[in-house]
Amino acid sequence: MNAQNTDVIQGTLDMLILKTLSLQPLHGFGIARRVEQITQGVFKVNPGSLLTALQRLERSGWLESEWRHTENSRRAKFYSLTRAGRKQLELETADWTRRASAIARLLREGA
Amino acid sequence: MSIWRHATRGLRGLLRRTAQNQEITDEVRQYFEEATTEWKARGLTEEEARRAARLECGNPVVVAEQMQSYGWENGVRTLLSDLRFAARQLRRNPGFAIVSAITLALGIGASTAIFSAVNPILFKPLPYPQPDRILMIWNTWQGARSEVAFGTYRELQQRSRSFEAMAIFEPWQPALTGGAEPERLDGQSVSADFFHVLGVAPALGRDFRASEEDPNGPNVVILSNRLWQNLFRGDPAILGRQVKLDGDNYTVIGVMPRGFEDVLLPSAELWTPTRYDQRQITRDFNTWEWGSHLRMVGRLRPEVTRAQAISELSKIAHTPWPQFPRPRWVSLEHGLIVDSLQEDIAHTVRPALLAVLGAVILVLLIACVNVVNLLLARSGQRGGEFAVRGALGASRRRMVRQLVTESMLLSLPGGALGIAAALGGVRTIVALSPADLPRLDAIRLDPAAFLFAFATTTIIGLATGVIPSVHISRNDLQTGLRQSSNRVAGTHLWTRRWLVITEVALALVLLVSAGLLLRSMEQLLRVSPGFNSSHLLTMQVVSSGHEFDNLPSAPEAGDRARRRFFEQALDAVRRVPGVQRAAFTSALPLSDDPPVVIHYGAQFEDQDAQGGYDVFRYAVSPGYCQTMNIPLLRGRLLDERDTAGAPQVALISASLARRHFGNRSPLGRRLHVGPRNRPWYTVVGVVGDVKQTSLAIDQEDAVYLSTEQTWFADDTLSFVIRTRGEPAALVPAVVAAIWSVDRNQPIVRIMTMDRMTAVTEAQRRFILILFEAFGIVALMLAAVGLYGVLSGSVAERTREIGIRAALGARRTDILALIVRDGMRLTLFGIAIGLSGAVAAARVIASLLFGTSPFDPLAWAGTTALLMIVAGIACWVPAWRAARVEPSMTLRAE
């Protein structure tokens with residue numbers, strides 16, 4: 001456990017989930033680990049928020065789920081991106097890039 | 001698409017709750033197992049790995065709960081569980097649930113029904129464009145509204161600049177022949193601009209033209225939608241068709257729209273142009289053109305205010321111009337009465353309706369107080385329960401939500417029942433309503449009233465739901481827990497006592513008002529109408545057709561034919577078995593015969609041109625007074641000798657004899673009735689006074705003439721038939737007898753005299769019934785409130801009562817203790833209520849007949865009634881308290 005861990009920024013969790021799932025279908029724990037790995041432990045995912053977010057995204061039609069066996073032969077609920085989910089990811093990515101670069105510009109100008 | 005998915009998934013979640021929960025649990029468990037496995041892979045033991053996973057991820061139960069609370073279905077689930085709990089609570093205390101639902105239903109039902117009835121009459125704009133610009137214009141007679149003459153209408157129409165259009169109208173009741181039975185229709189003769197003034201045009205065909213007002217114009221008629229449907233089955237080719245009315249062919253030129261409401265005569269089904277001759281106005285005052293029998297409406301120009309129009313009309317009335325001569329009886333010297341159409345049609349019923357509205361607001365208020373009282377009593381009892389829930393960790397929000405759900409569960413059925421009661425109430429009001437209630441067709445359960453009722457229930461529900469919870473939060477937990485052990489007196493009791501006092505006071509106000517109205521009705525029914533109304537059958541017989549026309553070649557022939565028809569019909573009626581006596585009259589006492597057509601000027605020979613009296617003119621058959629049992633006081637009655645050729649004679653009423661002759665004998669004196677250019681009538685007898693318009697109105701100056709000796713033959717006469725047995729049983733035989741003389745004459749308004757009397761007083765009876773109903777409801781609600789408070793107080797004082805009994809108090813002492821407590825509240829309420837009742841009595845004073853607003857019997861009687869009912873409400877809990885076993889109560893703690 002690292003003191004540098006940050007809770008996922010409000011509103012970005014959905015995007016992180018979608019991005020993670022765009023590479024391959026995963027179950028809940030797999031998504032959490034992948035997010036932590038990719039962000040090199042900057043973001044820490046809380047299981048309550050993550051699983052509820054998965055429920056919400058599935059209901060919105062961006063994910064679909066399926067019970068399958070994992071490599072260590074446990075039954076797990078695997079989530080994968082739907083076509084609508086892919087479109088949503090593109091939208092959110094574009095939006096995020098726009099905002100992040102705006103903030104970056106602002107910080108640069110201010111310095 | 002997404003909404004659809006949300007809905008279906010949510011629904012699936014609701015229906016397959018266990019399966020869904022299982023899936024969530026599985027998913028969470030798998031998540032934690034993966035985490036544990038990972039920690040184990042780093043070299044921890046099973047036990048350590050499990051702990052590390054929990055430390056990292058939190059409590060799996062909390063995670064599962066978090067997932068379960070996602071989605072709209074979860075709110076529904078909480079609501080359902082709240083409802084289930086609330087229903088269980090109510091079931092456990094059905095008395096409370098039933099009493100509050102009924103209380104709400106009574107309050108809401110009564111107020112919705114009354115508001116629905118009053119709204120279209122007093123408040124809702126009339127169903128015309130810019131209804132506030134329509135004014136009624138009346139002549140003034142003895143300070144009151146009086147009909148105008150055609151001459152006055154023409155003068156105002158030509159001189160006034162304030163009006164876009166003015167119109168006159170009068171009743172027209174043509175006989176429709178050609179069907180299975182002759183029918184009399186209700187309609188109006190109107191001047192050409194009538195529909196223009198109202199702002200409504202025919203839906204089919206066209207409006208009247210000014211040229212059709214000419215005395216020699218064509219016979220045209222506009223039909224109501226209803227008549228068009230009933231008579232012609234809505235045939236679209238109706239325009240130009242002929243209808244036979246009073247023996248003449250009338251051409252249908254238009255049909256009014258379906259929803260058209262003629263507030264000036266709601267029963268009107270057809271309209272025809274008036275036929276007055278403008279040239280007669282300056283030529284001769286003794287013509288129909290100067291008879292005061294028309295009503296007048298006008299539509300203001302958009303830029304003119306009502307005040308401007310009123311002042312202009314007043315100026316015209318007070319400054320006659322030579323080119324507009326006026327006879328004495330329409331001099332306009334007392335000015336004109338101008339009022340908006342809406343206020344005008346409601347002016348006779350307005351005070352009564354406002355009184356009823358006030359009464360029903362009191363009922364609603366009492367109902368609200370009672371419900372609040374009941375809910376406070378309950379929350380007092382449940383203080384402990386909520387304290388325990390709070391201690392177990394229920395959040396404030398959750399408890400308030402639970403309470404609000406409970407209150408709503410209570411007020412919604414109350415509201416639903418109330419709306420059902422309102423529907424019944426509206427129907428009852430329409431059924432009971434007096435004939436002079438305007439806009440009866442517009443009375444229906446009004447959506448505004450419906451919303452009002454619903455909002456009232458919701459607000460009562462929310463307020464009474466939240467007050468106790470606010471109260472709970474104010475108390476700390478400890479007090480609450482202590483309270484649950486019943487040893488501390490309820491803190492609500494003080495509030496509840498005040499609420500009960502309020503209820504008693506309000507109930508007394510209603511009861512005293514109802515008592516006064518009841519006494520007034522009693523006084524009214526004690527008034528003698530001046531004739532014997534039992535076993536008396538009445539009906540109106542119309543004579544219509546060209547055989548009754550007075551032609552220029554034979555000016556009296558039509559009148560003679562009319563008289564012959566009526567006399568033959570009367571002979572036929574007299575031959576019907578079971579008929580004791582029969583007669584006819586031009587005006588029937590206590591009927592709806594419009595006073596305007598019965599009123600005539602009368603002048604004795606010693607009076608100058610300006611003198612005279614307004615009298616009721618009765619053109620009767622010989623034997624009329626005997627049939628009606630109107631007593632002869634002096635001289636003789638009319639008989640068979642008083643024919644057309646014989647000397648003209650008259651009977652006068654006792655009031656007229658007293659007014660003009662004092663103690664001197666009127667016999668042999670002479671008078672004119674109606675036109676002055678006819679031979680004098682000689683007074684041959686004085687008969688008893690008869691009430692004509694209402695039992696409450698002392699307006700009895702009357703002159704009786706023989707139909708053969710009047711200056712015109714009335715086309716419609718009322719037959720009065722004294723029967724041996726039940727009068728209604730003779731109706732078919734009598735009608736058949738009249739139709740045996742002439743099959744084409746309509747017979748209408750067939751009614752026994754007793755029924756007629758009741759109909760005349762329908763408005764008073766209507767108000768009385770409403771007030772009585774409200775008074776009884778208020779009394780019951782106050783009794784329930786009193787009972788509830790005392791029961792609560794007895795329950796809370798069980799221990800005290802037990803100790804008293806243990807210390808030697810007798811049962812009667814305890815009985816007296818509680819009853820005294822209750823009666824103290826009652827007396828306090830009565831003291832406050834009496835001052836309220838004084839104000840109420842002043843308000844309804846104008847509705848009373850022969851009864852002082854401070855009638856001692858009404859005041860004492862209703863107060864005593866309230867005390868007795870309150871006494872019973874107190875006695876029941878007191879009796880229960882008196883039976884308390886001291887050992888039991890002390891042990892119960």
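**Exercise 1.** Work out the strand order of the open three-stranded sheet in chain A, and find which strands stand at its edges.

*Solution.* Keep in mind that this is a predicted model. Step one: reading across the sheet gives β2-β5-β4 of chain A, with antiparallel pairing. Step two: β2 (26-27) and β4 (63-69) of chain A each have a single partner strand, so they are the edge strands and one side of each lacks a neighbour in the sheet. Step three: look at how β4(A) meets β5 (residues 75-81) of chain A; seven bridges join them in the antiparallel sense. As a landmark, His69(A) sits opposite Arg75(A) of β5(A).

**Exercise 2.** List the buried residues of helix α2 (residues 28-38) of chain A, then decide how they are placed around its axis.

*Solution.* Step one: take a residue as buried when 20 or more other C-beta atoms lie within 10 Å of its own. In α2(A), Gly28(A), Phe29(A), Ile31(A), Ala32(A) and Val35(A) are buried. Step two: these residues cover an arc of only 160° around the axis, which means that they lie on the same side of α2(A). Step three: find what they pack against. In chain A the partners are α1, β2, β3 (43-44), α3 (47-59) and β5, and chain B contributes its α2 (17-41). Step four: just past the end of α2(A), Gln40(A) has a positive phi of about 50°.

**Exercise 3.** Explain why strand β22 (residues 702-706) of chain B counts as largely enclosed, and identify strands that pair with it.

*Solution.* Step one: five of its five residues are buried, so β22(B) is largely enclosed by the rest of the structure. Step two: check each face. Ala702(B), Tyr704(B) and Ser706(B) are buried on one side, and Val703(B) and Leu705(B) on the other. Step three: turn to the pairing. Strand β17 (residues 613-620) of chain B runs parallel to β22(B) over five bridges, with Val620(B) as bridge partner of Ser706(B). Strand β19 (residues 649-653) of chain B is antiparallel to β22(B), joined by three bridges, and here Leu651(B) is the bridge partner of Tyr704(B).

Note on methods: Residues numbered from 1 in each chain as written. Chains lettered and ligands numbered in written order. Predicted model: local features only at pLDDT ≥ 70, side-chain atom pairs only at ≥ 80, totals over all residues. Pairing = 2+ DSSP bridges. Helix = DSSP H or I, 4+ residues; strand = E, 2+ residues; numbered from the N terminus. Buried ≥ 20, exposed ≤ 12 C-beta atoms within 10 Å, placed from the backbone. Arc of directions from axis to C-beta. Contact = placed C-beta atoms within 7 Å.
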